[in-house]
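Here is my note on the structure shown below. The points are numbered so that each can be checked against the model.

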Amino acid sequence: MLEAILLVGGQGTRLRPLTISTPKPMLPVAGYSCTEHQIALAREAGIGRIILGTSYRAEVFESYFGHGEEFGLELIYAVEDEPLGTGGAIRHAAQHLTCGPDDPVVVFNGDVLTGLDIAGLVQKWRNEKADVAIYLTRVADPRPFGLVPTDASGRVLEFLEKPTTPEEIVTDQINAGCYVFKRLVIDSIPGDRPVSVERETFPALLASNKIVIGVVDDGYWLDLGTPLAFAKGSADLVQGIAPSPLLVGRTGLAIIEKSADVDPSAIVTGGSYVGHNARIGPGTVIDRSVIFNEVQIAGGSRVTNSIISTAAHVGSDCHIVDTVIAERAFIGSNNELVAGTLVFPDERIEPVTI
Ligand code: GDD
Ligand code: MG
């Protein structure tokens with residue numbers, strides 16, 4: 001049986017204020033958390049046991065997923081008292097692995113939306129007798145990621161995490177946040193302090209001539225780390241542009257949960273998602289947006305490319321663009337929220353009189 005480690009302990013700083021109470025991997029994208037999409041993908045690839053490396057708001061994961069009974073695999077929690085960094089978290093989680101020293105362990109960043117063929121990546125790791133195989137993707141602007149140049153045979157030459165100088169932009173291939181490690185390589189990561197797998201472990205493995213291969217996959221890939229990316233990821237899932245085993249047969253211009261009450265004159269489109277028990281008033285247009293459970297939006301409003309969290313309330317005739325509204329916030333009628341607006345949990349924005 002194949003085992004995996006899922007890294008879900010980050011603070012999700014770029015997604016504040018949504019991540020004040022909910023860790024980033026547990027925010028709903030098209031109705032299911034990124035973690036749930038990933039667990040479904042992992043299960044399809046034959047992974048039978050996942051260790052979740054948690055730290056920030058660890059309890060949220062366990063109370064939703066339990067030990068995995070409903071999700072078709074076994075889930076174990078490795079909770080860090082203090083965040084150990086990506087490498088430290090992998091090492092800490094590894095104490096729960098049951099596989100042998102030469103067996104493969106799949107490791108996943110918790111905020112990556114992908115349809116990656118995980119079993120195929122494991123097979124390449126096996127074929128190349130690699131110590132580590134890194135899933136790579138190509139992006140137009142690699143600067144916010146880990147750059148991973150490879151030679152003609154696919155051997156990784158360097159690992160340049162979040163480069164700061166133009167000379168370091170040597171490739172458009174980036175670390176896509178999924179690895180296959182030989183178990184004993186994980187056991188060699190220091191266990192007594194925070195370690196970054198990107199800044200410390202990978203460069204050290206390359207310096208000691210370990211076999212580190214990069215496997216470029218040009219299928220769908222997105223890091224959900226920013227509000228714009230999060231809204232895009234949700235819209236891509238809803239429209240079937242991003243694959244997920246959880247949404248088969250439900251994709252289209254919008255996904256509206258059955259318990260939502262959407263006025264027949266409202267328009268929900270562009271890959272929008274409307275959650276359980278949400279209410280959308282007459283004439284309101286929801287375009288390319290993520291509307292969480294219990295949200296109320298009165299009539300005549302227009303919401304574009306925005307994320308509105310649980311039980312928030314938007315009055316009538318509001319215009320909301322590229323905005324993040326956290327849970328239970330109240331936006332009075334006639335407000336205009338421009339691109340980049342962040343509304344905090346329970347914040348109240350008074351109605352505008354016209
Ligand atoms: N358990 C634990 N402990 N998890 C952590 C910690 C920690 O201390 N720090 C981060 N994580 C988790 C986050 O929850 C997230 O799922 C994952 O590790 C990656 O952290 P991000 O904060 O999302 O990193 P990033 O997006 O800036 O960069 C990483 O991902 C890119 C691809 O999406 C790097 O791996 C880059 O090299 C990569 O290109
Ligand atoms: Mg990320």
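Which element gives the most to the lining of the second largest cavity? The answer is in point 2, after a word on the model.

1. This is a predicted model, in which local features need pLDDT of at least 70 and side-chain atom pairs count only at pLDDT 80 or more, while totals for chains, interfaces and linings use all residues. Residues are numbered from 1 along each chain as its sequence is written, chains are lettered from A and ligands numbered from 1 in the order in which they are written, and side-chain values use heavy atoms, with hydrogens and water left out.

2. The element asked about is α1, which gives three residues to the lining of the second largest cavity. Helices (H or I, at least four residues) and strands (E, at least two) are DSSP runs, numbered from the N terminus. A cavity is a set of points, on a 1 Å grid over the protein atoms alone, where a 1.4 Å probe fits but cannot get out; lining residues have an atom within 4 Å of a point. The second largest cavity has a volume of about 50 Å³, a volume being the space filled by probe spheres set on the grid points, which are joined across faces, edges and corners. Its lining consists of Ala-4, Leu-6, Gln-38, Ile-39, Ala-42, Ile-47, Ile-50, Val-106 and Phe-108. At least two residues each come from β1 (2–7), α1, β4 (47–54) and β6 (104–109). Eight of the lining residues are nonpolar, one is polar and none is charged. In this count Ala, Val, Leu, Ile, Met, Phe, Trp, Tyr, Cys and Pro are nonpolar, Asp, Glu, Lys and Arg are charged, and the others, Gly among them, are polar.

3. The whole structure holds two cavities of 30 Å³ or more. The largest has a volume of about 70 Å³, and its lining is made of His-37, Gln-38, Leu-41, Val-112, Leu-113, Thr-114, Pro-243, Ser-244 and Pro-245. Two or more of these residues come from each of α1 (34–44) and β7 (112–114). The lining has five nonpolar residues, four polar and no charged.

4. The largest pocket has a volume of about 830 Å³. A pocket is an open set of grid points with protein on both sides within 12 Å along at least five of seven lines. This one is lined by 35 residues, and those nearest its centre are Gly-10, Lys-24, Thr-86, Asn-109 and Glu-198. Elements giving two or more residues to the lining are α3 (85–93), β11, α6 (197–207) and β13. The lining divides into 12 nonpolar, 14 polar and nine charged residues.

5. The second largest pocket has about 500 Å³ of space. Its lining has 22 residues, with Met-26, Pro-28, Phe-292, Asn-293 and Thr-310 closest to the centre. Here β3 (32–33) and α2 (58–65) each give two or more residues. Nine of the lining residues are nonpolar, eight polar and five charged.

6. Asp-111 lies in the loop between β6 and β7 and Asp-223 in strand β13 (residues 221–223), 112 residues apart. Both Asp-111 and Asp-223 are buried, where buried means under 20% relative accessible area, exposed over 50% and partly exposed in between (1.4 Å probe, protein chains only).

7. Strand β11 (residues 173–182) is mostly covered, with 10 of its 10 residues buried. It pairs antiparallel with β6 over five bridges, and Val-107 faces Tyr-179 of β11. Two strands pair if DSSP finds at least two bridges between them. Strand β8 (residues 132–138) is joined to β11 by six bridges, also antiparallel, and Thr-137 stands opposite Ile-174.

8. Six strands form an open sheet with parallel pairing, in the order β15-β18-β21-β24-β27-β30. The edge strands, β15 (261–262) and β30 (348–349), each pair on one side only.

9. The count of disulfides is zero, a disulfide being a pair of cysteine sulfur atoms within 2.5 Å. The sulfur of Cys-34 is 12 Å from the closest cysteine sulfur, that of Cys-178, and therefore too far for a bond.
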